[in-house]
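Let's take a friendly walk through this protein, from its core to its pockets and cavities. Have the sequence and the 3D view ready as you read.

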Amino acid sequence: MINTTYIKPAVQVDNYPLSRTVEKKVDVLEPKYTKSVYKDPGLIHTSWFYVNDIHGKMTKMERIYKISQDFDFMSPSKTWDFFTNTKDSDISKFKVASGDISIGSNYPNNVVASKFLDWCGFSASALGNHEMDIVEPNNLSGLLKDSKCKMLALNVDVKKDSALEGRFEKSIIVEKNGEKFGILGIAPSDMFDRVKMNDSLQNIEVKNFKETVKLVQQEVDKLREQGINKIILLSHSGLNNDKKLVKQTEGIDLIFSAHTHELIKDIEEGKNLFYSKTGEPVILTEAGKNGEYVGILNVDFDKNGIIQKAQNNIISTAPYNRPLYVKDSVEKIIGKPEVVGHVKKTVPLPKNILIEDNPHGNLIVDAMKNELGTDIALLNAGNIRGSFTLGDVDSRLVSDITPFEDKMMILNLTEKQIVDAIKFGCKSIPKNSKPGILFVSGMKYTCNKQGELLNLEFIDKDGKSHTIDVNNPREDKKYTVAADDFFATGGDNYLPTNPNPDFILQTFNMDKNKLACDYIKKLPQPMEIELDGRIQIVD
C-alpha cells in the first residue's frame, strides 16, 4: 500500500509548522507511481531504504541484497512520481536497519549477517536483542570492529575494559548533497528478557525505557546544537514504546521501528504519523519480520528540517531472485548445505506463530524427543522462525527454521514443573504476544482463548494416553524432558531463572537443528507436514 502524505504548514505550534491533513493517493503494494502535486524548489529530497528483524534469514538477505542494488541504481524521479520535476542528483539515498539482523550464536551465520550489512551498504543499524545472541564478547567485538555499518545503542552502557567497549555508538552524522542528517539508535529495554544470559550480555547494561527517552532527547539536543535539524531514530524498542517516545520528545523526524514485527503500509495519521510534544510531524514505520519485506520511505523536508511530504513503499522480497555470486559468497562462509529429505505436502505457517499449534515446530520438537530418547520434549514457540516448503529439505533450511544454536539438554522435571511451564505459555494467548505457547512431543493439551490450560495428557512410548491433573499436578512424579538450555535456565520465564538448575541430567554441544536433520533422514520420504491436533485452542 502506498500513499503520499502532504504535510502543509497550516498553523503554528511553538513556532513549528504542522498539518493535520493526510491526502491519500493510489493504493498499490509495489512502489510504482504516485502522483505528486506539491512543488517547492527549496525542499530537501530523501529516500530511505530500511529493514528490520531479518533474524538471520540468509536466503532473504540474498534477495534483499538484490533489491538494495536496484535501489542504488534506480532513477528515483522515474520510479516515483513523488519526485516529479526533481533531478536524481538532488535526491539523497540512505540505507538503515533497526536491529535483529542476526540471530542465534552460530558464528559463521553471524558473520554472514554482518557482511550482509556491508555488502548492501547500510550506514547504521540499531542494536537488537538478537545481536546479543553472540555469546562471546570477542566475537561480537570483532564483527563490529570490521563492519562499515555502525551499531547504534545510546541507551547501552558497556563495562570498562570489556571487549565491547567502544563498539556501540550513540549517533552518527551523515552528510549528503550539502545537508547533514543525524542518525541515532536505541536497543530494547527488555533485552535481558529476550536473550539467554551469556558472556556478551554480562558486559552491558541497558537502560529502562523511561531513562532511554531522556537519553534520546539529550542526544537529539546535542545534534541540534550542531545545526542538524533532520534527525532519524533507529529503534529496537518496539512500536508502542516508539509511539510514547514521539509524544515525550522533540526534534526527531523519522523513526524506523523494530522488535514488534509490525508491517506498516502507507502513512496514516494516528497510525504512524504523529506529532512531537512541540507539534512537529514524526513518521514511524516498520517492515515486518524475517526479511519478508523491505521498505523505501521517500521524504521531503523543508529548510528547517520539517517534513513536508512523505510516501511509504512496502516491497515483498519473495519475487526477487538470489544472485548466484551472493549465494556463493554466503556458502563460502557457512559451507554447502546437505540435503536431508524431501517434502511433498505441507501447510503454511500459522498466522501468529506464537500462539497457535504449528506442524513445522512439531516436527522439530518430535526430533528432539526421538533423537534424545526422552519421555517428552518441550520447545518455546518463539524458537521457530520459518517453515518447511515443498521440495528438498537441506540443512540450511532447517537452520533457518530453528536458528538459535542453543545447547540441547535432557532434564528431569516434575509433573508440576511441566504443567506450570505449559500454563505460563498459554497465558500468551489472550495477549497475542510473547513469549508464546510451548510445543510438545509425547504430550497433548487443550487450552482456551482466555489462556487457561484445560487438560493435558502424557503419551507413553507404547502410544498409551495418561491424563494429568492440571489443577493438582504431582511433585513426586518426574519425566525426562528434551529441551534447550534457553528453556532450562529460565529463558522467557517458563521456568524460574537459574543458570545452573539441579534438574539437568545431560548436556549436548549441539542444537535442535542437528537433531532435526538426523531425524528427517530416518523418516519415510517424501514427507508430509500437517497438523495432528496435539495442541487444541478452544473458545
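## Before you start

Please keep in mind that this is a predicted model. Residue numbers count from 1 along the chain as its sequence is written, so you can find each one directly in your viewer.

Setting aside neighbours within four places in sequence, L411 is in contact with Y479, T480, V481, A483, F487, A488, F503, I504 and L505.

## The largest pocket

How much space lies in the largest pocket? The volume comes to about 1200 Å³. Its lining is made of 49 residues, and those nearest the pocket centre are H259, T260, H261, L354 and K434.

By class, this lining has eleven nonpolar, 23 polar and 15 charged residues. Two helices, α5 (191-194) and α7 (239-248), each supply at least two residues of it. The one that gives the most is α7, with three residues.

## The second largest pocket

The second largest pocket has a volume of about 760 Å³. There are 28 residues in its lining, and V135, K196, M197, N198 and D485 lie nearest its centre. The lining divides into eight nonpolar, twelve polar and eight charged residues.

Helix α5 turns up again here: α5 and α13 (485-488) each supply at least two residues of this lining.

## K95, a buried lysine

Is K95 buried or exposed? K95 counts as buried because its relative accessibility is 5%, and the cut-off for buried is under 20%. The residue lies in strand β5, which runs over residues 91-97.

The side chain of K95 has backbone oxygens within reach. A polar atom of this side chain lies 2.5 Å from the backbone oxygen of C120 and 3.4 Å from the backbone oxygen of S68. Leaving out neighbours within four places in sequence, the contacts of K95 are F49, S68, F71, D72, C120, G121, F122, S123 and A124.

## N155, a buried loop residue

N155 is found in the loop between β7 (150-152) and β8 (156-158). Why does N155 count as buried? The reason is its relative accessibility of 0%.

Which backbone oxygen does the side chain of N155 reach at 2.9 Å? That oxygen belongs to A187. Beyond its neighbours within four places in sequence, N155 is in contact with I186, A187, S189, E205, V206, K207, T212 and L215. For a sense of scale, N155 and I306 are 151 residues apart in sequence and 26 Å apart in space, C-alpha to C-alpha.

## The enclosed cavities

How many cavities of 30 Å³ or more are there? The count comes to two. The largest cavity has a volume of about 150 Å³. Of the 15 residues that line it, S114, L117, E131, L144 and M151 are closest to its centre. Helices α3 (107-120) and α4 (137-146) each supply at least two lining residues, and α3 gives the most, with four. By class, the lining has nine nonpolar, five polar and one charged residues.

The second largest cavity has a volume of about 60 Å³. Two elements give two or more residues to its lining, namely α3 and α10 (395-401). The lining residues are G56, M58, S102, I103, N109, N110, S399, D400 and P403. They divide into three nonpolar, five polar and one charged.

Conventions. Predicted model: local features only at pLDDT ≥ 70, side-chain atom pairs only at ≥ 80, totals over all residues. Heavy atoms only, no water. Contact = heavy atoms within 4.5 Å. 1 Å grid on protein atoms, 1.4 Å probe; cavity = no way out; pocket = protein on both sides within 12 Å on 5 of 7 lines; lining within 4 Å. Points joined across faces, edges and corners; volume = space filled by probe spheres on them. Nonpolar A, V, L, I, M, F, W, Y, C, P; charged D, E, K, R; others polar. Buried < 20%, exposed > 50% of the residue type's maximum accessible area, 1.4 Å probe, protein only. Polar contact = N/O pair within 3.5 Å; in protein donor to acceptor, adjacent residues only side chain to side chain.
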